[in-house]
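Reader: I've got a model open on my screen and I'd like to learn how to read it. Could we go through it feature by feature?

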Amino acid sequence: MDPITLGIIVAIALIVLMAIGTPIAFALGGVSLLALIYDRGLPELVYFGETFFDRIAEFGFVAIPMFILMGAAVASSPTGRDLYRSLDLWMGRLPGGLAVSNIGACTVFSALSGSSPATCAAIGKMGIPEMRTRGYPDGVAAGCIAAGGTLGILIPPSVTMIIYGISTETSIGRLFIAGVMPGLMLAGLFMAWTMIACRLAGGYANPMAQAAAQVKQNVKANVDANLKALVRVLPFLAVIAGILFALYGGVATPSEAAGVGAFLCVALAVLIYRMWQVGPIKLIMRDSLRESVMIMLVIACAEVFAYALSSMFITQTVAAAIADMEVNRWVLMGVINLFLLVAGFFLPPVAVIVMTAPILLPIILAADFDPYWFAVILTINLEIGLITPPVGLNLFIIKGIAPDISLRNILMGSLPYALCMVLGIVLLCFFPGIALWLPNLIMG
C-alpha cells in the first residue's frame with residue numbers, strides 16, 4: 001500500500017479511538033501494534049516490546065518525575081496562597097489590579113511547578129472567588145487564570161521542554177533559557193489585555209471602592225501579613241534559581257538538578273508549612289506517581305507509534321513531501337503552525353511533542369530555522385490548545401473550581417488571551433531574538 005494512503009488510514013484509526021474515549025497512550029499503542037502486524041507480521045511484536053522499554057530507559061527521563069515531584073510539593077502546600085497575597089499587595093493599585101496580580105502569581109507559580117494544570121488549580125482556587133467577590137466579570141476572572149496557567153509549560157523548569165530536548169537531542173539547558181523571555185512577554189501581553197478589559201468593563205480597581213475604607217483601616221496589618229507570606233515563598237524561589245544556575249553553569253545535569261530540587265521542595269514544604277503528617281506527604285507522592293506514569297506511558301507508546309510510522313516509510317514520505325514544497329519558508333512555517341494548533345486542540349502537549357518533534361525538526365533545519373526558537377513556537381501553539389475546545393484542559397479545571405460559571409463564559413473570557421498568544425508567535429517570527437538573545441548571551 002502507498003505510504004501516504006497507509007498514513008491516512010493510521011491517522012483516521014487513531015482519531016476514531018481517541019474520539020470514543022480511549023486513553024491516548026492505549027490509542028497510540030493499539031494503532032501502532034496493528035499497523036506493525038499488518039506491515040511486518042507477528043514477528044514484529046518482539047521489536048514492539050523492545051522499542052517500548054528501550055526509549056523510557058534513558059537516564060534523561062529521570063528529570064521528568066523529579067520535576068513533577070517538585071511541582072506537586074509546591075502545589076500541595078499553601079505556597080500559591082502566600083504568593084497570591086504577596087503579589088496582590090504590590091499590584092493592587094493597577095487598573096484591574098487583582099486580575100493582574102493573579103497573572104503575576106501564575107507566572108511565578110509556573111516556574112515553581114512547571115505544570116499548567118497545577119498552576120491553574122492552585123491560583124484559581126483563591127483568585128477566582130476573590131475576583132468575583134470584588135465585582136470582576138466572570139469572563140475576566142476565569143480567563144486570566146486559564147491563560148496564566150498555560151505559562152507552566154513555557155517558563156522553566158518545564159517538563160515539556162525536557163521532553164522536546166530528549167526527543168530532538170537538543171540542549172535542555174538552552175531550551176530552558178529560550179523560554180524565559182517569551183514567557184515574560186506573554187505574561188506582559190496577558191496583563192496588558194487584562195487592564196484593557198477591566199477598563200472597558202468599568203475599572204475594577206483593586207480594592208473596590210466599598211472595600212477601600214476597610215483596607216485603609218488595616219493597611220499595616222495587611223502589609224505585615226503579606227510580607228510574611230512573601231518571606232515563606234522566597235526559599236522556593238531560591239531553589240528554582242539554584243536549579244537554573246546549576247544547569248546553565250554546567251554544575252549538574254538536568255536529572256541531577258531535578259533530583260536535588262525535588263528533595264529541597266518537599267523538605268521546604270514540610271518545614272515551612274508544618275506538613276508533618278503522613279497524609280500530605282502521601283498525597284504529594286501519589287499525585288507525582290500518577291502524573292509521571294501517565295507521561296512516561298504516553299512517551300513510550302508515542303515512541304512505538306513513531307517507530308511504526310518510520311518502519312512503513314510514512315514519516316520519510318511526509319517529510320520529503322513537505323520539504324519538496326516549492327514555497328517560501330515562512331509559508332511553510334505557517335502551515336506547520338496551523339498543524340500544531342489543530343493538534344493542540346485534541347492532544348495534550350506531551351503527546352504532540354513526542355509524536356511530531358522528531359518529524360518536524362529535519363524540516364525546520366532544512367528551512368534554516370533555529371531549533372530552539374521553534375521549540376518556543378511549538379510550545380506557545382500547545383498553550384493555545386490548553387484554553388480552546390474541544391479538549392482545553394485548563395477550561396475544565398476552571399469549570400471544576402467555579403462550577404457555577406458557564407463553560408461558554410470561561411471560553412469567551414479565555415479567547416482574547418489565545419489571541420495574545422497568536423500575537424506572541426507573530427512577534428517571535430519578526431523578532432526571533434526574543435527567544436534566542438538570552439541563550440546566546442549566557443551559553444554562547
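Reader: Which backbone nitrogen does a side-chain oxygen of asparagine 328 reach at the start of H17?

Author: The idea here is a polar contact: a pair of N or O atoms within 3.5 Å, where, within protein, one must be able to donate a hydrogen and the other to accept it, and residues adjacent in sequence count only if both atoms are side-chain atoms. At the start of H17, the oxygen of asparagine 328 comes within 2.7 Å of the backbone nitrogen of tryptophan 330. Bear in mind that this is a predicted model, where local features need pLDDT of at least 70 and side-chain atom pairs count only at pLDDT 80 or more, while totals for chains, interfaces and linings use all residues. Residues are numbered from 1 along each chain as its sequence is written, and side-chain values use heavy atoms, with hydrogens and water left out.

Reader: And how do I check the length of H17?

Author: Helices are DSSP runs of H or I with at least four residues, strands are runs of E with at least two, and both are numbered from the N terminus. The expected span is 1.5 Å times one less than the number of residues. For the 18 residues of H17 (residues 329-346) that gives 26 Å, and the end C-alpha atoms are 26 Å apart, which agrees.

Reader: Which residues of H17 are buried?

Author: Buried means under 20% relative accessible area, exposed means over 50%, and partly exposed is in between (1.4 Å probe, protein chains only). In H17 the buried ones are Leu332, Met333, Ile336, Asn337, Leu340, Ala343 and Gly344. Looking down the axis, they fall within an arc of 140 degrees (taken from the directions from the helix axis to the C-beta atoms), so they line one face of H17.

Reader: How many residues of H19 are buried?

Author: 16 of the 16, so H19 is largely enclosed by the rest of the structure. At the start of H19, a side-chain oxygen of aspartate 370 is within 2.8 Å of the backbone nitrogen of tyrosine 372.

Reader: Which residues touch the most other members in the largest nonpolar core?

Author: A nonpolar core is a set of buried Ala, Val, Leu, Ile, Met, Phe, Trp, Tyr and Cys residues joined through side-chain atoms within 4.5 Å. Among the 142 residues of the largest one, Ile64 and Phe374 touch the most other members. Helix H15 (residues 278-311) supplies the largest share of this core, twelve residues. Contact means heavy atoms within 4.5 Å. Setting aside neighbours within four places in sequence, isoleucine 64 has contacts that include Val159, Ile295 and Ile299.

Reader: Now the cysteines: how many disulfides are there?

Author: A disulfide is a covalent bond between the sulfur atoms of two cysteines. In a model, we look for a pair of cysteine sulfur atoms within 2.5 Å. By this rule the count is zero.

Reader: Is cysteine 120 buried or exposed?

Author: Cysteine 120 has 0% relative accessibility, so it counts as buried. It lies in helix H7 (residues 116-133), and its C-alpha atom is 9.6 Å from that of isoleucine 401, 281 residues apart along the chain. Cysteine 265, in helix H14 (residues 254-272), is also buried at 0%. Cysteine 429, by contrast, is partly exposed at 22%.

Reader: And how many helices and strands does the protein chain have?

Author: There are 22 helices and zero strands. Of the 444 residues, 51% count as buried.
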